[in-house]
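The structure is shown first, and the description follows.

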Amino acid sequence: MDFQLTEEQLAVQAAARDFAQNDLLPGVIERDTYEKFPAEQIKKMGELGFMGMMVDPKYNGGGMDTVSYVLAMEEISKIDSSASVAMSVNNSLVCWGLEKYGTEEQKEKYLKRLATGEIIGAFCLSEPEAGSDATSQRTTAEDKGDYYLVNGTKNWITNGNSASVYLVIAQTDKEKGHKGINALIVERETEGFVVGKKEEKLGIRGSDTHSLMFQDMKVPKENRIGEDGFGFNFAMSTLNGGRIGIAAQALGIASGAYELALKYSKERKAFGKEINQHQAIAFKLADMATQIETARLLCLKAAWLKDQKQDFSQASAMAKLYASQVAMDTTVEAVQVHGGYGFVKEYHVERLMRDAKITQIYEGTSEIQKIVISRNILK
Ligand code: CAA
Ligand code: FAD
């Protein structure tokens, strides 16, 4: 067992840290306040290779391992989770799904541009009436010979108004249950594709979360990913990797809040000494540090298993379940360590606290992670 990061992994971590400090930190409070999508910053993330990190270089990707991806996600999420969720969806849902299951033509046409960040992608599974219970979706993709006729509504789609390519999961044959579902690549310009309202959110307020409507939208057969009826398995398989990204996001939110709390505890004095000299504060910092280290180990283990081509579905669910709880606990305590200053925007921890909550909801709620874990344990 080797806990040492390689030189390449350390370089990726340092590059992500520098980018987050220099390009994401300035303006992050404003983007959160005014719900501004970090478009320029994401463009730069593409130039730096953060939008297609694990994609094979022959498709313009970085050819990096999942461990490097976790390290970069952590650093970027310390500062701006609206940027990191766009990165996570593009890398681990859209690019990974296309690279693993797409045809050569699909990779040439879409993956090559997604991997550089020239365009970004979105992953469309959830619906108004079907989130956790993903097989009961109502969007239909009727088989019309050489195309699918798609009708329905998707909800909560990250990168909803910024993406150019959307992976849409839809029901072709209801009788067949989850074996009747297909995954389709949909271009934004397709006739009948409508971007719906933008959600006003508690956290990740810079991320553009939209509903999408499909009205008699024709999607060519060659845009189906995998065999007929593979769509639900595609979504589940892809989400296993996506959950590593969100676990790493939660880890970054927690470690960002911890670093701010630690720094503040050395600056603030009360009753004649630094507040960290009061054991109540020192113990909070000790708990945070321990829980963050545990979350980091779970994230890296899941990433390592994926890199070793071993089954990582349980490990990624555990990492997401645990890291998202740590993000919640740590950010609440980081606000407490800051006292009244923690409650105002300038000190950043209140934003991190609001951003933490989504990590327990998207890409499978904490309850769903427990279903995934318990089914693995019990099978
Ligand atoms: N990995 C691989 N395959 C899986 C899987 C996993 N983690 N979980 C289920 N499957 C497969 C099963 O093996 C089964 O396939 P076969 O029949 O071919 O063997 C098939 O999926 C159906 O499985 P179940 O009978 O267990 O299905 P279910 O209806 O009981 O649901 C569930 C299982 C785990 C609850 C699933 O519905 C689920 O994960 N729900 C949560 C949905 C979700 O995570 N949505 C996220 C949307 S994307 C997003 O949120 C992005 C973002 O915010 C940024
Ligand atoms: P529900 O499924 O209705 O769940 C409500 C509550 O019931 C939850 O606490 C849940 O855990 C619990 N529950 C449900 N079923 C069970 C069960 N069997 N056992 C125990 N408890 C259960 N989706 C996408 O497809 N693409 C995206 O890009 C995307 N981005 C998102 C961005 C944001 C900001 C948000 C808020 C959501 C996003 N989602 C996206 C949707 C997200 O994945 C769903 O919200 C999530 O899966 C939960 O579904 P739901 O909201 O319908 O809640």
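A nitrogen atom of ligand 1 lies 2.9 Å from a polar backbone atom of Ser132. This is a polar contact, that is, a pair of N or O atoms within 3.5 Å. The model is predicted, with local features requiring pLDDT of at least 70 and side-chain atom pairs pLDDT 80 or more, while totals for chains, interfaces and linings use all residues. Residues are numbered from 1 along each chain as its sequence is written, chains are lettered from A and ligands numbered from 1 in the order in which they are written, and side-chain values use heavy atoms, without hydrogens and water.

| Ligand atom | Protein atom | Distance |
|---|---|---|
| oxygen, ligand 1 | polar side-chain atom, Asn233 | 3.1 Å |
| oxygen, ligand 1 | polar side-chain atom, Arg243 | 2.9 Å |
| nitrogen, ligand 2 | backbone N or O atom, Phe123 | 2.7 Å |
| nitrogen, ligand 2 | side-chain N or O atom, Ser126 | 2.7 Å |
| oxygen, ligand 2 | side-chain N or O atom, Thr365 | 2.7 Å |

Taken alone, ligand 2 exposes 970 Å², of which the protein buries 65%; such areas come from the Shrake-Rupley method with a 1.4 Å probe.

**Ligand 1**

There are 25 residues around ligand 1, and His178, Lys179, Tyr362, Glu363 and Arg375 come nearest; a residue counts as near if one of its heavy atoms lies within 4 Å. Twelve residues of this shell are nonpolar, nine polar and four charged. Helix H7 gives the largest share, six residues. Ligand 1 sits in the largest pocket. A pocket is an open set of points on a 1 Å grid over the protein atoms alone, where a 1.4 Å probe fits and protein lies on both sides within 12 Å along at least five of seven lines; a molecule sits in it if more than half of its atoms lie within 2 Å of its grid points.

**Ligand 2**

Around ligand 2 there are 19 residues, of which Ser126, Ser132, Trp156, Thr365 and Glu367 come nearest. Strand S1 (121-124), S3 and H11 each supply at least two residues of this shell, and S3 gives the largest share, three residues. Helices (H or I, at least four residues) and strands (E, at least two) are DSSP runs.

**Strand pairing**

Strand S3 (residues 147-158) runs antiparallel to strand S2 (residues 140-143), joined by four bridges; pairing requires at least two DSSP bridges. Tyr148 of S3 stands opposite Asp143 and also opposite Val219 in S7.

Definitions and conventions
A polar contact is a pair of N or O atoms within 3.5 Å; within protein, one must be able to donate a hydrogen and the other to accept it, and residues adjacent in sequence count only if both atoms are side-chain atoms. On a 1 Å grid over the protein atoms alone, a cavity is a set of points where a 1.4 Å probe fits but cannot get out, and a pocket is an open set with protein on both sides within 12 Å along at least five of seven lines; lining residues have an atom within 4 Å of a point. Ala, Val, Leu, Ile, Met, Phe, Trp, Tyr, Cys and Pro count as nonpolar, Asp, Glu, Lys and Arg as charged, and the others, Gly among them, as polar.
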